[in-house]
Structure formats: C-alpha cells, structure tokens
Amino acid sequence: MSIAAERTVRRTVLPGGLRVVTEYLPAVRSVALGIWVGVGSRDEDESHAGATHYLEHLLFKGTGKRTALDISAEMDAVGGEMNAFTAKEYTCYYARVLDADLPLAIDVLGDMVTSSLIEPKDVDAERNVVLEEIAMNEDDPSDSAHEAFTTRLFGDTPLGRPILGTVESINAITREQIFEHYQARYTPPHIVVSAAGNLDHDAVVAGIAAAFGPVTSGFAGASPSAPRLRDAGGLWDGYGPAAGSGVTLLSRPIEQANLVLGCEGLARTDERRFALGVLNAALGGGMSSRLFQEVREKRGLAYSVYSFASQHADTGLWGVYVGCLPSKAEEVLSIAAAEVEKVVSSGLTDAELERGKGQVRGGIVLGLEDPSSRMTRLGKAELVYPSLEPVDDVLAAIDAVTHDDIRAIASEVLTRPKVLAVVGPFEDESSFSSALS
C-alpha cells in the first residue's frame, strides 16, 4: 500500500494508442483482466440510445473463431469467471482466471472485443433479453427511484437517459446502427487493458498485441470522423451538466415508498471530492451515521436509509435514499432535510469527522485486497483520470480534511437546488414539494 508498491505497476502503449497497464502481485495465484472501452451511455445520441449496453450483450454472441458456446465453454473449462458491464462513461469486459490461464483469457476477451460478428439473428434474439433487463429494473422500486432521480437531475441529455435505453429505443434500433457504434468506438485510442495478479508485464503486452492485431496493425490514429476522447476533468461531449430541480412521482401500487432526494455533486477530479466523501460517510454512510441513527435507530421509520455520491467527468450527483412505509414518507423526508440543514449550518463533530475519515480510508484500503479491485483501479485511472494516484497520496488527502473543508463543501453542494424522486402508492406529488424548500 506504500508509494514503493506502485513500482509494481507498468504501462505500455501499443501502436494506434491502445494502452496496457499491469500490476504484479506475487502473493496470489490468479489474474484479473479487464478490457476497458471509453464509451458509455452518455456517448449516445437519441438514435443510438441503449446501443452501448446492447453491444455489450452482443459481443458474447460469437466471432469468426468462436461461437457463443465456445466463448463460455473455454472459460468454464478452466474455472474462469467472465462478465461485462456498461456505465455512463465506459464499458468493461473482464475475467478472472488462474495465472497459468491468462493467455486464454486474453485471447478470448480480445477476440470478442475486436472480431464480434454482430449477426442479425443475434441482434433479434438479444433484443428480447435487453427488454427483459429493462423490465426487471422497472420492477425494482429502488432502481426506478434512482433512475427517475438521475433523469430529473440531468434532464433529456445523454447523462440523464437510462444506460439500458428505453423500450422504444431498443425496439427501434437496428443491427446497422449497433454495428456502426461498434466500429466507431471500439478503436485503439479508446481501449485500455488492465491486469493485476501473478503476471509478467511483457508477456501480457505480447498477448494483447497478438489478440488486438486486427485493430492495431492498420490504425495510425483516430480517424477524422471518430469522436473525441474524453477529457478527464472538463466538459467533453458538448452537453455539459443540466442540473434540474423539482419532484418526479412514479405512482405504483406497492407497499413501500422509495425516496431519493439530492442534487448535483462534484466532478471526479475536483479536489474537494475527499471532503465530500468524508461528509457523505458521516451523514449517511454507515450504521453510526446521522441519517441511520435518526431515521432507523431512534425512530424505527425505515429499514434502508443512506446517502451516496458519484462522479463523472464534468459533474456528479449527491443524494439520500430511504425506503419506508408510505404513511411515514413525509416525516422521513422532513428528518432527512433537517439533518442536511444541520450539517450545512454546523458541520460535523470531532468524532463524526474522525469516523468519516476512518470509514473512507478503510473502504479504499480494504477495496484493494484482491486482484479484481486492483485491476479496476488501474483501468479507471488510465481511462478516466489524469493519472494513477498513489494510495498514500489519497490517504493523506483524506486525513487532511478539516472542519473548515466540511463546512465549505456542505455550503457549496448540499445547498444546491434539489431533486426528489418518489416511487410508491401516491397520486399527488404536491405534498412532497415542501422537502425541496
């Protein structure tokens, strides 16, 4: 965990701009491998809404060398784990295997990412799977509340639209549109390969060079029509933040009210993110937090209550989630709003500040105890951050947070115009408007 440990990290840039970053961990017998592509749902225009996530599914359906069964069977045969996910600003295909099976994982994932066929029959078959995933998320009230919150906050912009797309956009999108998205975005400058575990960097680079030969050998740089690479720390897609306010009510005949109250947060490179992280931990990050104590422990008004913060390249969000009985919704919102106001006006106590720092520190250090989390750290640092920040520097920045920093960030962020998303058995949203004042 020291700065000296960062020397086990090595980086190589292949022809065309594809980057390979590895971390050698001699104490383990496994390797986590990730192929990170700098394209997420916020890179889509309306005609391609949901294309990035749809494409993630389709890359498992077969290449010129492997069928869908071959892809899964080869990984299963060595006990490997393989999956993928799509986020707002990137897509990741990942695997974890025994160190001896790393060449196989590189070959399989590389083949998928560079040479998928995107057959029309697979597009048609997977369309139903994506629609089922959308339906599954809509059946989860807490997911629906968070989605409604993001949509209300960022509006009808790529950042505000669902990662999965909508039923309408998925039904309308064609194979040609998805393949166009694939060819335009899955190019060497947009791709980072990260790996952590018992590995040899040069061997990984050689394997990646071979697996990605079809796209690196003839690629001299981004074509004039290719999208600009994301500029970490600044506006990059021409849309910018579109922070909204007000109440969104999704009326459903369910037994619980699901509430998300929050506002625009900080960009991922904002130096104040450490102060916001400590504040968030103290306010709603654990069982000793103010919100948990006031809402659950003292009054028994909810089972689940927490605050959260997330960051993007040029903006972010902060909020509070509560799931409670519908009859208690207004009372819970009033308590949450009062606790936020107390932090703005009075900050944290000494004990809360230290607990908040300890929680954030512990989360970072414990999160680096396995190869998969270290692979993720490398991939995200290379793809969306200016550099790989040494862990000691991050911990020092957390320790340096003061009461003045907490009061300043609370005054700056927690007083911004609020959005409230409500999912539950309600007919009128006007009764919730007071929570925004």
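A residue counts as exposed when its relative accessible area is over 50%, as buried when that area is under 20%, and as partly exposed in between. Those cut-offs sort the residues of this predicted model. Take D404 to begin with. Its relative accessibility is 54%, so D404 counts as exposed.

D404 has a charged partner. It forms a salt bridge with R407, and the closest N and O atoms are 2.6 Å apart. Both residues sit in helix α16 (residues 403-413), three residues apart, which puts about one helical turn between them. An α-helix has 3.6 residues a turn, so residues three or four places apart point the same way. R407 is partly exposed, with a relative accessible area of 35%.

The model holds 27 salt bridges in total. Which residue pairs with R66? The partner is D111, with 2.9 Å between the closest N and O atoms. R66 lies in the loop between α1 (51-58) and α2 (68-76), whereas D111 belongs to helix α3 (residues 102-115), so this pair ties together parts 45 residues apart in sequence. R66 is buried, at 7% relative accessibility. D111 is buried too, at 6%.

The side chains of R273 and E389 meet in a salt bridge, with an N to O distance of 3.2 Å. R273 is in helix α10 (residues 273-284) and E389 is in the loop between α14 (371-384) and α15 (391-399), so the bridge ties together parts 116 residues apart in sequence. R273 counts as buried at 18% relative accessibility. E389 is partly exposed, at 32%.

Now turn to helix α12 (residues 329-346). How far apart are its end C-alpha atoms? They are 26 Å apart, which agrees with the 26 Å that its 18 residues should span at 1.5 Å a residue. The buried residues of α12 are A329, V332, L333, I335, A336, E339, V340, V343 and V344. What covers them? The cover includes the strands β8 (257-264), β10 (316-324) and β11 (419-424). Helices α10, α11 (290-297) and α16 also take part. After α12 comes G347, whose phi is positive, near 75°.

Note on methods: Residues are numbered from 1 along each chain as its sequence is written. This is a predicted model: local features need pLDDT of at least 70, side-chain atom pairs count only at pLDDT 80 or more; totals for chains, interfaces and linings use all residues. Side-chain values use heavy atoms; hydrogens and water are left out. A salt bridge is a side-chain nitrogen of Lys or Arg within 4 Å of a carboxyl oxygen of Asp or Glu. Helices (H or I, at least four residues) and strands (E, at least two) are DSSP runs, numbered from the N terminus. Buried means under 20% relative accessible area, exposed over 50%, partly exposed in between (1.4 Å probe, protein chains only). The expected span of a helix is 1.5 Å times one less than its number of residues. Contact means heavy atoms within 4.5 Å.
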